[in-house]
Amino acid sequence: TQVLEPRKMWPGGSFGAKGRIPVDLMAEPGRVLVHADAPEWAEARAGCLAVDGPPPPDLLAASVAALAAWRTTWAARPEVVVPLAAEGLTSLVCGVAAHLAEVGRLALTSPWAPTQTPPGRDAASAEEASYWRACLQPSAGLSVDVAGRAVLLVIDATATGWSATVAAAALREVGAACVLPLVIHRRV
């Protein structure tokens, strides 16, 4: 796994906010299970990472191993898992989140998904961050589930990290103590 460094600056432009992301809204350093076109994950990239489907056993094992290695450096042990289907891979992200919740004896929330069609991959940072802010509003139930708790935010895929940044800020705004993003597939 690789470290997913949290973004430290808002993009400005159409997003509006610019400058440093306040510490109380920032994600913690996260982890990436499958980075770009890692050859050891060729089968998963052609399967469940390309077309939504349940996670294969090796991906589930890698997710548990990533958390086991991460536990020595995270800000707090996760208490609740929030699956985010940022790229529409709902079965994949829910399968990984449910497995981690079961193995770690963590609470599991309902899946969180964008409410609009995402911008294209060539969108500017400000446009993409604006999209995530507009479509990732925590429900009242999700707000209650994360209030005062350390959150493991499991994201199916991202190329830019804006989904993790904006989702973490939204979760922190409704009371999450900290947000630890785990990205299944970091695309390029």
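Valine 3 stands opposite arginine 31 in strand β4. The model is predicted: local features need pLDDT of at least 70, side-chain atom pairs count only at pLDDT 80 or more, and totals for chains, interfaces and linings use all residues. Residues are numbered from 1 along each chain as its sequence is written, and side-chain values use heavy atoms, without hydrogens and water.

Strands (E, at least two residues) and helices (H or I, at least four) are DSSP runs, numbered from the N terminus. Pairing of two strands requires at least two DSSP bridges between them. Strand β1 (residues 2-4) runs antiparallel to β4, joined by 3 bridges. On β8 (residues 178-186), β4 pairs in parallel through 4 bridges. Here leucine 182 is the bridge partner of arginine 31. In β4 (residues 30-35), 5 of 6 residues are buried (buried, under 20% relative accessible area; exposed, over 50%; partly exposed, in between; 1.4 Å probe, protein chains only).

The open sheet has 6 strands in the order β1-β4-β8-β7-β5-β6, with mixed pairing. Its edge strands, β1 and β6 (107-108), each pair on one side only. Strand β7 (residues 150-158) is parallel to β8, with 8 bridges. Helix α2 (residues 57-70) packs on the sheet and touches β4, β7 and β8. Contact means heavy atoms within 4.5 Å.

Glutamate 127 belongs to helix α4 (residues 125-135). This residue is partly exposed, at 41% relative accessible area. Beyond its neighbours within four places in sequence, glutamate 127 contacts Ser14 and Pro119. Its C-alpha atom is separated by 17 Å from that of alanine 170, 43 residues apart along the chain.

Terms used. Axes are lines fitted to C-alpha atoms, for helices over the stretch in contact, and angles run from 0 to 180 degrees between N-to-C directions.
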